[in-house]
Amino acid sequence: MAGWDHVWQEAVSRVTAAFQQLPVPVRRDLEALATAMVAHKQAMQRLVSQADAASHCAACGGACCAKGKYHFSAVDLLVYLATAKPLFAPRFDNGLCPFLGEPECLIPAGYRPFNCITFNCDLIEDQLPRDEVARFYQMEQELSARYTEIRALFPAGSMAGSLL
Ligand code: SF4
């Protein structure tokens with residue numbers, strides 16, 4: 001789908017230009033925040049992996065990823081840029097989430113969008129001890145605050161919402 005590819009490239013260029021214009025001290029702050037966000041998401045993924053999430057997702061066929069679309073945000077792209085992580089190529093021709101590869105998400109857990117890393121279906125959540133579920137939702141709130149901190153490095157509203 002050439003149309004979506006074009007929209008994607010334009011959005012990536014806009015955010016990349018804003019990133020490149022950051023003063024060096026702000027860029028350093030962003031790098032630190034981005035590195036911490038990656039570690040935070042990886043910790044959330046480790047917590048959920050106690051419930052053998054990978055096999056539940058494989059058995060279900062990843063229904064949430066088939067329905068989910070365009071969760072990748074401007075902040076998610078800034079985290080890629082600030083940590084010098086090579087960006088994936090979306091697949092706008094698959095009729096599913098454009099970030100869904102074969103057989104799994106093109107985005108590593110530490111870089112995955114907020115909605116994706118914080119969503120647990122009942123199959124998975126029911127396998128987790130209650131205190132771990134509570135810890136997970138505490139981490140979700142902390143993750144939301146990390147997004148806010150990164151957005152605050154840029155003019156108000158300029159890094160809000162989904163990239164597409
Ligand atoms: S970005 Fe990845 S985890 Fe999120 S819906 Fe798409 S394929 Fe699934």
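Analyst: Begin with one term: two residues are in contact if their C-beta atoms, placed from the backbone, lie within 7 Å. The model shown is predicted. Leaving aside neighbours within four places in sequence, alanine 74 is in contact with Val15, Met159 and Leu163.

User: Among contacts between residues at least 6 apart in sequence, what share joins residues at least 24 apart?

Analyst: In the protein chain that share is 86%.

User: How many helices and strands does the protein chain have?

Analyst: There are eight helices and zero strands. Read along the sequence, the pattern is α-α-α-α-α-α-α-α.

User: How do I read a nonpolar core?

Analyst: The general idea is that in soluble globular proteins, nonpolar side chains tend to be buried together. Here the largest nonpolar core has 24 residues, and those with the most contacts inside it are Ala34, Ala74, Leu77, Leu78 and Val79. The elements that give two or more residues to this core are α2 (24-49) and α5. Of these, α5 gives the most, with eight residues. Over the protein chain, buried residues make up 23% of the 164 residues.

User: Is helix α3 (residues 53-60) largely in the open or buried, and why?

Analyst: Count its buried residues. A residue is buried if 20 or more other C-beta atoms lie within 10 Å of its own. Of the eight residues of α3, the number buried is zero, so the helix lies largely in the open. Just after α3, glycine 61 takes a positive phi of about 85°.

User: What should I make of the phi of alanine 84?

Analyst: Most residues other than glycine have a negative phi. Alanine 84 has a positive value, near 55°. Alanine 84 is found in the loop between α5 (74-82) and α6 (114-118). It is exposed, with 8 other C-beta atoms within 10 Å.

User: Which residues are around the ligand?

Analyst: They are Cys65, Gly68, His71, Cys97, Phe99, Leu100, Cys105, Ile107, Arg112, Pro113 and Cys116. To read such a shell, sort its residues by kind: here eight are nonpolar, two polar and one charged.

How values were computed:
Residues are numbered from 1 along each chain as its sequence is written. This is a predicted model: local features need pLDDT of at least 70, side-chain atom pairs count only at pLDDT 80 or more; totals for chains, interfaces and linings use all residues. A residue is near a molecule or strand if its C-beta atom, placed from the backbone, lies within 6 Å of it. Ala, Val, Leu, Ile, Met, Phe, Trp, Tyr, Cys and Pro count as nonpolar, Asp, Glu, Lys and Arg as charged, and the others, Gly among them, as polar. Helices (H or I, at least four residues) and strands (E, at least two) are DSSP runs, numbered from the N terminus. A residue is buried if 20 or more other C-beta atoms lie within 10 Å of its own, exposed if 12 or fewer, and partly exposed in between; C-beta atoms are placed from the backbone. A nonpolar core is a set of buried Ala, Val, Leu, Ile, Met, Phe, Trp, Tyr and Cys residues joined through C-beta atoms within 7 Å.
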